[in-house]
Amino acid sequence: MADEPAPDFAAVRGAAAVSPTSLPTLDYPPTQHPEPLRHAEPVMGTVFSFAISDAGQGTRREAIISALQAAVARLHRIDEVFSTYRHDSDISRLARGQTTIEHCDPWVAQVLESCREVAAETDGWFTAYPAGRLDPSGWVKGWAIEQASQLLREAGSEHHCISGGGDVQAVGQARPGRPWRIGIADPVHRDRILAAITTRDAAMAVATSGIAERGAHIINPYTGQPADGLLSMTLVGSSIARTDAWATAAFAMGPTLGLQWAEAREGIEALAVLHDGSIKHTPGIPELTA
Amino acid sequence: MRRAIVTGTATVSGIVLLLGLKSHGGGVHGAPQSFSIGPSTDAVPPSGTPTTTPSAGKSTAPARAASGTRTVAGDAAETPYGPVQVQVTVSSGKITNINVLEYPTETGRDQEINSYALPILNQEAMTAQSASIDAVSGATFTSEGYAQSLQSAIDKARA
């Protein structure tokens with residue numbers, strides 16, 4: 001046995017006359033799929049979950065794990081700068097007038113510029129100053145997920161799914177031929193999912209704004225009061241930073257204006273749950289849930 | 001502070017996706033690992049009815065049953081809204097039940113939010129598992145305090 005070359009498994013499988021004792025004893029699992037590499041990190045007052053389906057083995061896997069660690073570190077750094085719960089974060093000090101943008105991390109200026117863009121895109125329904133106080137969290141969480149995804153892509157991952165506090169960025173597929181399936185939570189019937197979005201593009205983002213969001217009152221920027229009329233508003237787009245910020249804006253707009261706005265905008269679909277539990281959506285939603 | 005008991009049965013892989021629990025050594029300082037706890041084989045429908053009962057408010061000694069079932073309360077975790085404490089039942093290495101022993105109820109608004117949030121936390125995990133969902137987008141109240149207390153309970157149950 002020792003002098004025999006290592007069996008070429010592919011050749012052996014195709015061989016016609018092979019004695020059972022010479023067959024390799026390894027199982028060949030063509031129908032098994034390796035579990036995605038998973039990790040979850042409590043940060044930003046919520047939990048970010050990673051599922052990476054192309055982590056691979058050996059040096060490739062090490063590189064992916066390295067990128068995942070970098071992504072986690074990035075989330076924590078973003079939290080240090082932007083957490084409104086930390087007294088000493090750049091954003092908290094800026095909100096109190098104890099510092100200026102020039103003295104903050106360069107990210108702050110970048111984020112505030114993005115918030116201005118989104119405010120323009122949403123006719124002011126999204127704002128970095130909800131109820132008059134500086135708080136760009138509606139942009140930061142999705143933007144943080146995008147950065148994490150970018151770090152994984154740079155390490156070569158084309159198939160992963162990252163969720164953070166109800167926002168999801170899916171890239172590629174869960175398995176070859178099996179898209180990621182992203183459920184939309186039913187805010188009325190707590191043991192149900194309303195629909196499952198089946199990813200079909202290279203990147204898909206699903207974001208939901210609702211009154212059950214942690215601690216946050218989605219504020220109508222025109223009245224300064226909590227927005228009303230909807231239990232939740234879910235947007236499906238391609239990149240989560242914008243999709244999330246737009247979902248916040250669309251929620252504040254309410255069912256009629258929010259769905260009109262979403263329908264008029266390229267590249268997104270929307271599903272709204274009204275106060276009475278009824279559901280309305282843009283025309284492209286049923287195809288996404290097929 | 002008024003407390004309520006909210007019960008539900010959850011499968012761990014659903015929890016992993018929605019809450020992101022750390023295994024030992026996970027996080028920035030260690031290589032991320034897959035979770036060894038598998039889905040529950042004896043999921044029961046959630047009761048979903050909150051009842052008001054005095055709660056322990058501190059960690060309890062794990063209760064052991066003949067079948068290797070343990071019920072363990074995690075440390076109460078502080079959140080900006082008040083303490084959150086979670087109790088888990090682990091059977092043969094699988095989480096079969098989660099109770100929320102304590103959650104913030106400072107204002108009427110908090111109660112309103114929590115009446116949506118905590119049952120969603122417990123019950124979404126079960127539905128996600130059964131529907132082959134990979135992730136859930138929702139008005140999901142994934143409280144850091146909840147996740148910390150739940151992680152604490154799991155760590156104690158494993159000890």
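The side chain of A:S92 gets to 3.3 Å from the backbone oxygen of A:S83, and it also picks up the backbone oxygen of A:R86, this time at 2.7 Å. This is a predicted model, so these are distances between predicted coordinates. A:S92 sits in helix α3 of chain A and is buried, with a relative accessible area of 6%. Leaving aside residues up to four places away in sequence, A:S92 touches A:S83, A:T84, A:R86 and A:H87.

Helix α4 of chain A covers residues 106–121, 16 residues in total. From first C-alpha to last, α4(A) reaches 23 Å, close to the 22 Å expected at 1.5 Å a residue. At its start, a side-chain oxygen of A:D105 comes to within 2.8 Å of the backbone nitrogen of A:W107. After the helix comes A:D123, with a positive phi near 55°.

Which residues of α4(A) are buried? The list runs A:W107, A:V108, A:V111, A:L112, A:S114, A:C115, A:V118 and A:A119. Looking down the axis of α4(A), these buried residues fall within an arc of 160°, so they line one face of the helix.

On to the nonpolar cores. The largest one has 61 residues, and those with the most contacts inside it are A:F50, A:F82, A:W139, A:W143, A:M233 and A:L235. Apart from it lies another core, of 18 residues, with A:A51, A:I197, A:L231 and A:L271 among them. Not counting residues up to four places away in sequence, A:F82 touches A:S89, A:I91, A:W107, A:V108, A:V111, A:P136, A:V140 and A:W143. Three of the names in that set, A:W107, A:V108 and A:V111, are also buried residues of α4(A). As for A:F50, its C-alpha is separated by 6.0 Å from that of A:A40, ten residues away along the chain. A:A40 belongs to strand β1 (residues 37–43) of chain A and is buried, with a relative accessible area of 0%.

Among the elements of chain B, helix α1 (residues 12–19) has the lowest mean pLDDT, 35, while strand β3 (residues 69–73) has the highest, 86. Over residues 1–62 of chain B, pLDDT stays under 50, although the model has 172 contacts beyond four places in sequence for them. Residues 106–131 of chain B also stay under 50, with 75 such contacts in the model. Where pLDDT is low, the predicted coordinates should not be read in detail.

With that in mind, the secondary structure of chain B comes to three helices and seven strands, in the order β-α-β-β-β-β-β-α-β-α along the sequence. Of the 159 residues of chain B, 57% count as buried. Residues 24 or more positions apart make up 67% of the chain B contacts with a separation of 6 or more. The model scores ipTM 0.78 and pTM 0.65.

Definitions and conventions:
Residues are numbered from 1 along each chain as its sequence is written. Chains are lettered from A and ligands numbered from 1 in the order in which they are written. This is a predicted model: local features need pLDDT of at least 70, side-chain atom pairs count only at pLDDT 80 or more; totals for chains, interfaces and linings use all residues. Side-chain values use heavy atoms; hydrogens and water are left out. A nonpolar core is a set of buried Ala, Val, Leu, Ile, Met, Phe, Trp, Tyr and Cys residues joined through side-chain atoms within 4.5 Å. Buried means under 20% relative accessible area, exposed over 50%, partly exposed in between (1.4 Å probe, protein chains only). Contact means heavy atoms within 4.5 Å. Helices (H or I, at least four residues) and strands (E, at least two) are DSSP runs, numbered from the N terminus. pLDDT is the predictor's confidence in each residue, from 0 to 100. The expected span of a helix is 1.5 Å times one less than its number of residues. The arc is that of the directions from the helix axis to the C-beta atoms. A polar contact is a pair of N or O atoms within 3.5 Å; within protein, one must be able to donate a hydrogen and the other to accept it, and residues adjacent in sequence count only if both atoms are side-chain atoms.
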